[in-house]
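Biologist: Can you walk me through a couple of sheet regions in this one? Keep it simple, please.
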Protein chains: 2
Amino acid sequence: MIKGRFTLPGETGMEKEIKELAKLWGVDAIRDSDGTKLSQDLIDMGLTVYSVLCLVRDDNEWVKKNPDCLQQIYLLTEEHTAYGTELAIDIMSTFFDQQFKPNTDDDIKKYWQVMDRTAGEETKDWDWDGKNVIIHNAKPFHSYTVAFLAYQIWEPVSMYNHITNNWQTEHELTVDPRSEKAREHLLKRLDKWLLDHPKTDVVRFTTFFYCFDLIYNQYGKEKTVNWFGYAACVSPKALSDFEKEYGYSLCAEDIVAGGTYNTPFKNPTKKYLDWMEFNCKFVSEFARQCVEAVHKAGRKAIMFLGDHWAGTEPYGKYFQNIGLDMVVGAAGDGVTTRMITDIPVKETEARFYPYFFPDIFCEGGDPVGESMPVWIKCRRAMLRRPAARMGYGGYISLALKFPEFIDHVTEITRQFKSIHEEGKGTKPYTAPFKVAVLNSWGHIKSWQTHQVAHSLWNQRCYSYLGAVEALSGFPFDVEFISFEDVKAGKLKEYGVVLNMGDAMTSWSGGENWNDPELVCAIRQWVYEGGGFIGIGEPTAYNKDGRLFALSDVLGVQKEIGITASHNKPALTPNKEHFITEDICGAIDYGEGMSMIYSTGAELLDEENRSANLCVNEYGKGRAVYIAGLPYSNQNARLLLRAIYYSAHSEQELYKYYSSNPALECHAFEEAGKLCVVNNSETPQEGEISINGKKRTISLGSMGCEWLNI
Amino acid sequence: MIKGRFTLPGETGMEKEIKELAKLWGVDAIRDSDGTKLSQDLIDMGLTVYSVLCLVRDDNEWVKKNPDCLQQIYLLTEEHTAYGTELAIDIMSTFFDQQFKPNTDDDIKKYWQVMDRTAGEETKDWDWDGKNVIIHNAKPFHSYTVAFLAYQIWEPVSMYNHITNNWQTEHELTVDPRSEKAREHLLKRLDKWLLDHPKTDVVRFTTFFYCFDLIYNQYGKEKTVNWFGYAACVSPKALSDFEKEYGYSLCAEDIVAGGTYNTPFKNPTKKYLDWMEFNCKFVSEFARQCVEAVHKAGRKAIMFLGDHWAGTEPYGKYFQNIGLDMVVGAAGDGVTTRMITDIPVKETEARFYPYFFPDIFCEGGDPVGESMPVWIKCRRAMLRRPAARMGYGGYISLALKFPEFIDHVTEITRQFKSIHEEGKGTKPYTAPFKVAVLNSWGHIKSWQTHQVAHSLWNQRCYSYLGAVEALSGFPFDVEFISFEDVKAGKLKEYGVVLNMGDAMTSWSGGENWNDPELVCAIRQWVYEGGGFIGIGEPTAYNKDGRLFALSDVLGVQKEIGITASHNKPALTPNKEHFITEDICGAIDYGEGMSMIYSTGAELLDEENRSANLCVNEYGKGRAVYIAGLPYSNQNARLLLRAIYYSAHSEQELYKYYSSNPALECHAFEEAGKLCVVNNSETPQEGEISINGKKRTISLGSMGCEWLNI
């Protein structure tokens with residue numbers, strides 16, 4: 001295969017096989033990783049050499065000598081109820097003692113915080129016995145929590161890899177670069193590392209300084225994962241610097257936020273936004289210094305999207321200061337692919353799932369079965385916005401035990417490269433209106449909504465994330481906008497706006513829907529012709545038992561118990577509609593909704609007396625309500641039609657159209673090419689329309705064909 | 001059959017048949033109703049004569065001459081969005097113009113209220129054009145409502161009967177007794193009526209003065225029904241009297257409450273409680289005068305529970321002042337039966353469903369099928385607390401067309417009378433602990449929770465009402481208590497407390513669960529040995545994404561989106577437990593819940609990764625969580641066991657026990673009798689335990705057998 005765009009993980013002892021694979025897949029770069037080193041033979045193979053570097057966990061000895069520079073985190077205990085006037089809380093009882101150690105070196109009375117959760121107030125009347133926080137004069141039957149600073153005595157990503165692969169190495173510690181001596185040490189260490197790695201062409205920072213929130217419980221199992229968290233950026237120095245910069249101080253509670261750790265599912269507080277910005281400024285500035293050192297040494301610098309990426313915020317305003325040459329990320333679906341490829345950076349690389357790790361590459365494992373749906377979803381996203389490069393991770397020796405997987409990767413590689421070869425870097429056909437996803441975060445969380453971590457299925461998320469997944473491969477320019485953007489007049493740039501999520505989360509918007517300015521801006525925009533799509537509990541804010549603030553626009557409302565006395569209209573769905581034309585059988589609404597009723601909308605589908613799918617006219621505009629939208633080819637088609645419908649652009653759908661929802665058309669008009677993909681794992685046939693001309697096409701499982709237009 | 005305890009509806013022309021039925025059923029009283037009159041022959045039949053009287057709708061002519069005494073109501077329009085700066089709202093557009101007429105005689109600027117719902121503020125800048133309220137200087141895209149006073153130009157219960165039976169009579173108007181001249185007129189009218197009805201033994205007030213909220217829409221169909229409402233008590237005079245008495249004035253919005261009309265599903269405001277009390281004082285005082293007049297004429301006075309019963313509040317503190325001899329009510333199930341029979345009054349009468357009306361007593365109708373489940377449920381309740389009397393309503397001529405229905409009523413009558421004959425007025429066996437239902441209303445809404453109107457199925461209600469229905473026939477003293485009661489120390493009187501309902505309704509309690517005093521009182525009580533049962537969304541108040549305030553007591557929590565990042569425990573239900581011992585097959589949780597997870601409770605049943613049934617130990621106490629509990633014999637047994645379990649009284653269950661949940665034992669120890677009932681419509685067999693002695697019993701459909709103990 002033509003050489004280029006492929007980064008292969010190296011593995012010492014597999015030199016011969018890697019040479020063959022390099023030819024087979026047209027590999028042009030080889031890399032090491034946490035747990036694998038490249039032999040000299042691999043380094044000398046004529047490929048670009050990527051070397052992984054996680055500066056902060058590179059030197060256990062130095063950290064041991066400088067324990068004040070060990071990274072820390074704020075943790076919150078569970079709630080403990082006082083049954084008398086004294087309460088002992090064993091603060092580590094639900095945390096992994098190999099991961100965390102309470103920091104009692106700094107003033108615990110200053111940095112720890114004991115909260116009476118029942119009264120919602122702090123108590124200062126407590127002591128520490130080396131294991132428990134002893135609360136004195138507790139109020140009987142009030143519940144209490146302790147927020148405490150803890151040293152991170154095992155770097156969590158390495159810990160995950162270590163436990164998963166049963167490594168026997170020393171637990172890795174992390175340096176906190178907040179202090180000047182730590183930064184000096186790290187920069188020196190980087191210079192030395194660059195000297196020690198003369199053959200390294202590309203430094204793959206995995207990643208910079210602070211890990212996302214990955215907290216294990218007392219059994220050494222995952223307790224909380226928040227890929228977007230900033231709890232692990234904390235330290236007395238950081239808090240003190242914050243106070244100097246922002247003129248006020250943060251307390252433990254501002255970070256742990258009642259145990260939510262300021263999950264992005266929550267509308268952010270001003271303090272938390274300040275804390276994020278404070279860390280982004282710091283991280284981007286020091287990362288910039290690291291990248292400059294790499295450039296000075298004549299190498300390229302790339303960043304892995306994940307791991308210690310807290311504070312890089314690729315869609316934030318400080319990210320571009322870092323000056324990276326590329327971002328590489330783990331692509332598990334269309335959403336994570338676009339999360340990588342939309343980043344404003346010169347180039348991106350997608351590292352596809354699955355890892356060549358023994359959990360899947362084992363006897364009885366089905367690596368092709370794991371990979372195929374990943375590639376099918378990533379491909380859609382890359383047909384919209386390709387990564388410059390592709391790659392894999394893990395142990396080549398494991399992959400080679402599955403010859404059919406090697407063939408499968410060959411096909412993926414061929415298809416991946418064809419996007420560049422056939423598409424020629426031109427922009428695929430895009431509808432003449434933009435689509436916005438509206439939530440409390442907007443642009444900074446582009447493609448990062450409704451998820452707890454990378455491609456991880458979550459019961460509260462999948463019914464919404466499915467819509468974002470569908471969007472990742474649609475012929476629309478998709479942007480993520482905030483309620484502030486709406487109020488600043490940005491709506492006029494868009495043809496269709498989506499709002500989706502559970503009530504009182506940042507994704508649907510919570511309190512924002514009690515803001516007349518916002519409500520009016522959207523009403524007016526729809527009234528004048530905009531398209532509004534709500535999924536789940538859009539525009540939800542409980543006001544006198546009326547949940548949806550925009551029930552007039554959506555034409556639906558949800559009964560939440562207060563207005564049970566009001567009769568609801570009969571449900572007689574009209575199943576024939578533009579939106580449902582390609583639907584076969586029942587629609588899967590995922591977790592779905594209950595007791596949604598029409599306040600004027602036309603009902604297209606219902607279950608258990610609850611409206612699942614509705615359309616509404618509002619002035620010159622249109623709205624669509626969907627109870628939930630897990631990802632599937634059928635649901636993607638439903639959303640595609642809903643978008644064209646709400647934009648009054650029904651005919652645009654047929655410009656490049658497949659009668660079979662499992663087949664999808666991506667037109668590269670400038671390049672004169674149309675890519676038809678089979679987004680399923682079985683052979684599919686369908687009628688393709690290209691600007692009105694029709695032809696039948698058959699594609700095998702995961703098939704991909706380029707036609708001339 | 002032995003004569004007594006039976007009130008039959010009379011019907012002119014059916015004298016011979018009624019005489020026969022009177023003998024067959026042991027009828028001792030005959031009554032007329034709205035729409036039927038008794039002939040002289042019926043009056044002279046030797047039976048006690050009940051005559052229906054609804055004083056306020058008895059004299060259209062007088063009302064026409066005194067239009068200022070016509071009853072009124074506050075109505076709220078739908079929300080209307082302003083698309084420009086002027087907005088016309090046709091205020092009657094969603095109301096039945098035969099039921100209501102806007103009151104423009106009183107100062108509309110004083111009594112009407114135009115609200116900007118989007119901003120949450122009133123606007124005074126509006127005019128009235130005889131049809132529309134014209135809002136000037138409207139804020140574009142804000143939504144507006146108009147609350148307006150309307151005359152009630154058709155009394156709603158009569159309207160319902162009229163429309164249902166296609167009467168051709170004049171629409172009945174209602175007198176508002178707020179003014180002295182109206183009261184004088186009504187009392188005079190009552191005196192005259194008593195003179196005109198010398199043969200009437202019992203005046204059956206149906207009812208007093210103000211109807212519950214029954215509002216029809218523009219199509220002449222029911223729009224809102226709130227059996228517990230006070231919107232129809234309103235008038236300029238009432239509002240002015242209120243202001244004098246309470247020292248502050250109410251506005252329209254205080255009554256319509258954003259369109260909720262202060263439904264009891266909502267936590268009551270202080271103003272609304274004042275308004276209720278104000279009306280209760282007035283109604284009880286004038287009703288007392290009417291009752292006194294009846295007594296002076298040597299007759300008895302009874303009240304129908306329903307219709308114009310607003311302000312009587314049978315469980316309120318003014319009710320007993322009225323001095324009634326009896327309350328009669330429509331019994332459609334156990335809940336409504338207990339709602340009648342628990343009233344603190346000398347005697348009660350249950351008028352069983354169905355009415356002998358042509359909707360059911362028609363060709364193809366199944367009156368026995370309608371009646372059987374009603375009687376089965378009412379019987380359980382009456383075995384706990386019997387009504388002194390029974391009766392029916394409607395047209396005897398229709399009932400006689402269904403001989404099998406006549407036989408069926410004969411059996412019901414036999415069973416009804418046996419409760420008195422065999423039970424001898426003694427109290428049935430009652431467990432040695434009391435059970436409380438805890439909500440925002442407490443005692444005043446005894447047996448009135450979770451319903452919009454009498455026995456009416458409602459999707460938001462049935463999963464909770466089922467538990468109340470089960471309680472209505474259980475061997476427990478059941479009381480309804482408020483959060484204030486809990487804080488006043490009342491919990492110590494109870495063995496088990498139930499809290500059930502949707503989040504943020506009065507039934508689960510809403511904001512009350514943010515009160516540390518309440519939360520602690522319950523925690524302490526359970527900790528010291530109390531039993532707590534939560535159904536649906538008990539103790540729910542969203543605090544940082546944690547919904548259940550008593551998740552420590554219940555051992556469960558509900559994921560509502562904010563803590564999606566936290567891993568949930570695996571669900572491995574233990575199906576073998578005391579609570580589930582009598583369960584066959586799947587449990588029906590009704591509307592159920594989603595994403596309930598254990599925070600320590602033992603899981604007994606789950607569906608779609610959500611805990612449906614859990615038990616928890618909390619100190620010396622126990623808690624049970626149930627996702628929902630529609631009424632069925634199996635679910636009743638589940639709740640019975642949950643109560644005994646949470647009270648640590650498992651063995652008490654077996655004192656009088658049936659192995660078959662369709663059979664139920666009611667022991668009258670003092671009378672030396674045990675009544676076994678078949679609560680199903682098919683024959684049933686089961687093993688009965690009577691204080692350890694076992695025997696097998698078979699009962700036919702709806703069977704009832706009295707054994708000696």
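Modeller: A definition to begin with: two strands pair if DSSP finds at least two bridges between them. Also, this is a predicted model.

Biologist: How many bridges join strand 17 and strand 18 of chain B?
Modeller: Six bridges, and the two strands pair in the parallel sense. Strand 18 covers residues 347-352. As an example, B:A330 stands opposite B:R351 in strand 18 of chain B.

Biologist: What does the chain pass through from strand 17 to strand 18 of chain B?
Modeller: Helix 10 of chain B, residues 334-341. This β-α-β crossover is right-handed.

Biologist: What about strand 16 and strand 17 of chain B: parallel or antiparallel?
Modeller: Parallel, over four bridges. Strand 16 of chain B spans residues 300-305. B:F304 has B:V328 in strand 17 of chain B as its bridge partner.

Biologist: How many residues of strand 17 of chain B are buried?
Modeller: Six of its six residues, 326-331. Buried means under 20% relative accessible area.

Biologist: How many bridges join strand 34 to strand 35 of chain B?
Modeller: Seven, with the strands running antiparallel. Strand 34 of chain B is residues 684-690. B:Q684 has B:L699 in strand 35 of chain B as its bridge partner.

Conventions. Residues numbered from 1 in each chain as written. Chains lettered and ligands numbered in written order. Predicted model: local features only at pLDDT ≥ 70, side-chain atom pairs only at ≥ 80, totals over all residues. Heavy atoms only, no water. Buried < 20%, exposed > 50% of the residue type's maximum accessible area, 1.4 Å probe, protein only. Right-handed = clockwise from strand over helix to strand, strands pointing away.
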